[in-house]
Amino acid sequence: MKLAHLSDLHFYRFPSWKGIWSKRLVGLTNLYIRGRIRHFNTDIAMLAIRSVIEDEPDGVMISGDLTALGSPEEFKMARQALDPLIARIPTVIVPGNHDYYTRGAANSHRIEEYFGDVIRTPGSAETDPTYPTLHLIGETALMGMNPSCYTVGASGRIDPREVERLEILLQEPRVAGRFKVLIIHYPLFNRGGKVTPLFWRRLRNRENLIAVLSRYPVDLVVHGHDHYRYSNTMTADNGQAVYLANAGSAGYARGSVKASYNLYEIEGKKLIRVTHKNFGTGGFEITYQGPPV
Ligand SMILES: [Fe+2]
Ligand SMILES: [Fe+2]
């Protein structure tokens with residue numbers, strides 16, 4: 001059983017002048033004047049998607065930030081780019097903060113409008129997804145969380161009711177008996193294993209979620225938001241180690257930080273092998289393959 005993990009593809013398109021007012025102006029300043037636009041690369045994001053299709057995983061997890069400014073044009077682009085993958089491989093998506101970049105994107109549930117069929121729990125009749133979503137693929141149970149919201153900064157806040165629903169879900173036999181993966185945009189710990197010191201970038205009420213995961217541990221947490229690859233482990237109350245992985249960004253590269261994604265191989269409900277792929281001269285190349293580190 002093999003799962004691919006992509007994050008922070010950040011498809012972007014210069015918005016129409018009408019759409020520039022609002023927070024998009026701040027975003028554009030960031031992207032163009034401070035030069036971040038140089039670091040987003042849609043062509044590389046497309047290559048990452050193609051590379052994942054060639055890897056032939058059993059499932060794909062995308063941990064948010066499909067877009068840069070959350071505009072309809074960017075969502076159209078992202079959908080078009082991801083459709084070949086979605087058509088071939090069961091795919092699970094959760095929103096990131098950039099997908100709710102403007103009040104309009106958040107209020108209109110724009111990401112759910114374009115990707116609702118991929119986000120929602122399969123078989124559910126609801127129009128707006130209830131989080132956590134649940135996707136059962138082979139021996140795995142993939143749960144999609146959504147703490148992303150419209151905010152002046154880039155922080156997230158998880159609805160306490162969502163955490164309560166997760167706690168109940170984790171005790172259901174169809175979930176408890178599987179290899180459990182939590183997909184969330186925000187990291188629970190930063191690269192140094194601590195809470196990120198930048199309050200405008202962090203998941204503000206992460207403690208509730210950590211408490212539930214301590215009581216009912218999952219086997220893997222995948223996330224993005226910080227555009228570089230790292231991993232940590234946390235120890236649950238029963239002594240189980242929970243592996244948390246940031247795959248880096250599949251559409252962003254800066255200096256020594258390359259666009260990247262991860263593959264996880266599961267055998268007998270155990271994570272036995274992790275593969276790191278980075279964008280290099282020959283496309284996406286393996287830079288590490290071995291036990292989870
Ligand atoms: Fe991002
Ligand atoms: Fe983000």
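This is a predicted model: local features need pLDDT of at least 70, side-chain atom pairs count only at pLDDT 80 or more; totals for chains, interfaces and linings use all residues.
The model has an open sheet of 6 strands in the order β4-β5-β6-β7-β9-β8, and the pairing within it is mixed. β4 (133–137) and β8 stand at the edges; each has a single partner strand, so one side of each is left without a neighbour in the sheet. On average, neighbouring strands of this sheet are turned by 20° against each other, with direction ignored.

In that order, β9 lies between β7 and β8. Strand β7 (residues 220–223) runs parallel to β9, and 4 bridges join the two. Within this pair, Val221 stands opposite Leu244 of β9. The pairing with strand β8 (residues 229–235) is antiparallel and extends over 7 bridges. Here Thr233 has Tyr243 in β9 as its bridge partner. β8 and β9 also form a hairpin, with 5 residues between the strands. In the turn of this hairpin, Gly239 has a positive phi of about 90°. Elsewhere in the sheet, strand β5 (residues 140–144) and strand β6 (residues 179–183) run parallel and are joined by 5 bridges. The bridge partner of Thr140 in β6 is Phe179.

In helix α8 (residues 206–215), the buried residues include Arg206, Leu209 and Leu213. Seen down the axis of α8, its buried residues fall within an arc of 65°, so they line one face of the helix. Among the elements that cover these buried residues are α6 (160–169) and β9.

A further packing arrangement involves two other helices. Two packed helices are described by the angle between their axes and the distance between the axes. For helix α3 (residues 72–88) and helix α5 (residues 110–119), the axes come within 10 Å and cross at roughly 10°. Angles under 35 degrees count as roughly parallel, and α3 and α5 are therefore roughly parallel to each other. On the α3 side of the contact are Pro72, Phe75, Arg79 and Ile86, which meet Arg110, Ile111, Tyr114, Phe115 and Val118 in α5. By class, this contact has 7 nonpolar and 2 charged residues, and no polar ones.

The loops next to these helices hold several backbone features. Asp65, in the loop between β2 (59–62) and α3, has a phi near 55°, a positive value in a residue other than glycine. Is Asp65 buried or exposed? A residue is buried if 20 or more other C-beta atoms lie within 10 Å of its own; Asp65 has 29 within 10 Å, so it is buried.

His109 is found in the loop between α4 (103–107) and α5. Its phi is also positive, about 50°, although His109 is not a glycine. Because His109 has 17 C-beta neighbours inside 10 Å, it counts as partly exposed.

The loop between α5 and β4 is the place of Pro132. A cis peptide bond joins Tyr131 and Pro132, with omega about 0°.

Note on methods:
Residues are numbered from 1 along each chain as its sequence is written. Chains are lettered from A and ligands numbered from 1 in the order in which they are written. Two strands pair if DSSP finds at least two bridges between them. Axes are lines fitted to C-alpha atoms, for helices over the stretch in contact, and angles run from 0 to 180 degrees between N-to-C directions. Angles under 35 degrees count as roughly parallel, over 145 as roughly antiparallel, 65 to 115 as roughly perpendicular and the rest as oblique. Two residues are in contact if their C-beta atoms, placed from the backbone, lie within 7 Å. Ala, Val, Leu, Ile, Met, Phe, Trp, Tyr, Cys and Pro count as nonpolar, Asp, Glu, Lys and Arg as charged, and the others, Gly among them, as polar. A residue is buried if 20 or more other C-beta atoms lie within 10 Å of its own, exposed if 12 or fewer, and partly exposed in between; C-beta atoms are placed from the backbone. The arc is that of the directions from the helix axis to the C-beta atoms.
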